[in-house]
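Subject: Structure handover

Hello,

Here is the structure for you to look over.

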Amino acid sequence: QVQLVESGGGLVQPGGSLRLSCAASGTILTIYDMAWYRQAPGNERELVASITKGRSTNYADSVKGRFTISRDNAKNTVNLQMNSLKPEDTAVYYCNVDVLSLTTRKNYWGQGTQVTVSS
């Protein structure tokens with residue numbers, strides 16, 4: 001079994017910055033893709049950014065140039081640096097990881113962390 005612990009959400013003014021972190025623990029042989037999703041009230045969950053084990057990245061158009069995803073393969077962590085935040089970035093942010101354990105490959109979700117951008 002794999003556990004994900006997210007941290008770093010909160011309230012920030014427009015134009016401000018936040019850094020989200022997600023740490024995976026448990027029976028892990030390797031982690032393939034790691035990603036951040038978000039879900040605002042009344043909206044579907046959407047991909048914000050993803051990063052492969054080789055550190056190739058992909059971003060939603062709405063966050064390109066403002067958000068940066070990174071990972072530490074030794075520590076099984078993924079981070080999301082969010083700059084120039086806008087009110088429309090307000091959402092619950094979820095970490096997602098693709099994990100190979102002893103005999104299975106499975107996708108896991110974090111519990112979610114609230115990000116609120118407001119003056």
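Below is what turned up, starting with the core and moving on to salt bridges and backbone angles.

Keep in mind that this is a predicted model.

Core first. The largest nonpolar core holds 32 residues. Trp36, Leu80, Met82 and Tyr93 have the most contacts inside it. At least two residues of this core come from each of these strands: E1 (2-7), E3 (18-26), E4 (30-39), E5, E7 (67-72), E8, E9 and E11 (113-117). E9 gives the largest share, five residues.

Next, the charged pairs. The count of salt bridges is five. One of them joins the side chains of arginine 38 and aspartate 89, at 3.0 Å from N to O. Arginine 38 sits in strand E4 and aspartate 89 in the loop between E8 and E9, so this pair ties together parts 51 residues apart in sequence. Both residues of the pair, arginine 38 and aspartate 89, are buried.

Aspartate 89 has another partner. Its side chain also meets that of arginine 66 in a salt bridge, 2.8 Å from N to O. Here too the pair links distant parts of the chain: arginine 66 is in the loop between E6 and E7, and aspartate 89, in the loop between E8 and E9, is 23 residues away. How accessible are the two? Aspartate 89 has a relative accessibility of 1%. Arginine 66 has a relative accessible area of 10%. Buried means under 20%, so both qualify.

Arginine 105 and aspartate 98 form a salt bridge as well, with 2.7 Å from N to O. Is each end buried or exposed? Arginine 105 is exposed, at 53% relative accessible area. Aspartate 98 is buried, at 15%. Separately, salt bridges with shared partners join Arg38, Glu46, Arg66 and Asp89 into one network.

Last, the backbone. Most residues other than glycine have a negative phi. Two residues here are worth a look on that score.

- Arginine 55 has a positive phi, near 75°, and is not a glycine. Its place is the loop between strand E5 (46-51) and strand E6 (57-59). Arginine 55 is partly exposed, with a relative accessible area of 45%.
- Serine 84 has a positive phi of about 50°, again without being a glycine. Serine 84 lies in the loop between strand E8 (77-82) and strand E9 (91-100). Serine 84 is partly exposed, with a relative accessible area of 41%.

Best regards

Methods:
Residues are numbered from 1 along each chain as its sequence is written. This is a predicted model: local features need pLDDT of at least 70, side-chain atom pairs count only at pLDDT 80 or more; totals for chains, interfaces and linings use all residues. Side-chain values use heavy atoms; hydrogens and water are left out. Helices (H or I, at least four residues) and strands (E, at least two) are DSSP runs, numbered from the N terminus. Buried means under 20% relative accessible area, exposed over 50%, partly exposed in between (1.4 Å probe, protein chains only). A nonpolar core is a set of buried Ala, Val, Leu, Ile, Met, Phe, Trp, Tyr and Cys residues joined through side-chain atoms within 4.5 Å. A salt bridge is a side-chain nitrogen of Lys or Arg within 4 Å of a carboxyl oxygen of Asp or Glu.
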